[in-house]
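Work through the exercises below with the sequence and the model open. Try each task before reading its solution.

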Amino acid sequence: MRSKPTVALVLDTSSKGQQKPLKLRVTYARIPHLYSVNSDKTLTTEQFANDKLKVTKDAKEEASKAVTVAKVVIDELGQDFTFPAFRKRYKERLYGKK
């Protein structure tokens, strides 16, 4: 039996510049995938690490919907979890697309 996928908010380190967008990292079977959190807020590495800053709280609060949606989708998929199935349902729920 495989373990359940994990979800975490991270900064997109592949982005150039100081300000980086928040991403949702879903890891399953030690394979991570990054997904958009539908937010235009960007943070520096220092801001992301400091939860006491208002800008960080606001960005993480805005991204919390994406985390909640991801956890619901993972629970729905259960043992049938695959990244393509997750991506499809996650986008449908987060963006309202069918």
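The exercises cover strand pairing, backbone angles and helix packing in this predicted model.

**Exercise 1. Strand pairing**

Find the strands that pair with β2 (20-28), and state which way they run.

Solution. 
- Step 1. Start with β1 (residues 6-11). Strand β1 is joined to β2 by 6 bridges, and the two run antiparallel. Here V10 sits opposite K23 of β2.
- Step 2. Go on to β3 (31-36). Again 6 bridges make the link to β2, and the sense is antiparallel. R25 has L34 in β3 as its bridge partner.
- Step 3. Finish with β4 (42-43). This strand pairs with β2 over 2 bridges, in the antiparallel sense. K20 stands opposite L43 in β4.

**Exercise 2. Positive phi**

Locate R30 and N38, give the phi of each, and decide whether each is buried, partly exposed or exposed.

Solution. 
- Step 1. Check the accessibility of R30. Its relative accessible area is 80%. Exposed means over 50%, so R30 is exposed.
- Step 2. Turn to N38. It is found in the loop between β3 and β4. Its phi is positive, about 60 degrees, although N38 is not a glycine.
- Step 3. Check the accessibility of N38. Its relative accessible area is 44%.

**Exercise 3. Helix packing**

Describe how helix α2 (residues 54-77) packs on helix α3 (residues 83-95).

Solution. 
- Step 1. Two packed helices are described by the angle between their axes and the distance between the axes.
- Step 2. Read both values. The axes of α2 and α3 come within 9 Å and cross at roughly 135 degrees.
- Step 3. The crossing of α2 past α3 is right-handed.
- Step 4. List the contacts. From α2 come K65, A66, V69, A70, V72, V73, I74, E76 and L77, which meet A85, F86, R89, Y90, R93 and L94 in α3.
- Step 5. Sort the residues by class. The contact has 11 nonpolar, no polar and 4 charged residues.

Notes
Residues are numbered from 1 along each chain as its sequence is written. This is a predicted model: local features need pLDDT of at least 70, side-chain atom pairs count only at pLDDT 80 or more; totals for chains, interfaces and linings use all residues. Side-chain values use heavy atoms; hydrogens and water are left out. Helices (H or I, at least four residues) and strands (E, at least two) are DSSP runs, numbered from the N terminus. Buried means under 20% relative accessible area, exposed over 50%, partly exposed in between (1.4 Å probe, protein chains only). Axes are lines fitted to C-alpha atoms, for helices over the stretch in contact, and angles run from 0 to 180 degrees between N-to-C directions. A crossing is left-handed if the near helix is turned anticlockwise from the far one by less than a right angle, and right-handed if clockwise. Contact means heavy atoms within 4.5 Å. Ala, Val, Leu, Ile, Met, Phe, Trp, Tyr, Cys and Pro count as nonpolar, Asp, Glu, Lys and Arg as charged, and the others, Gly among them, as polar. Two strands pair if DSSP finds at least two bridges between them.
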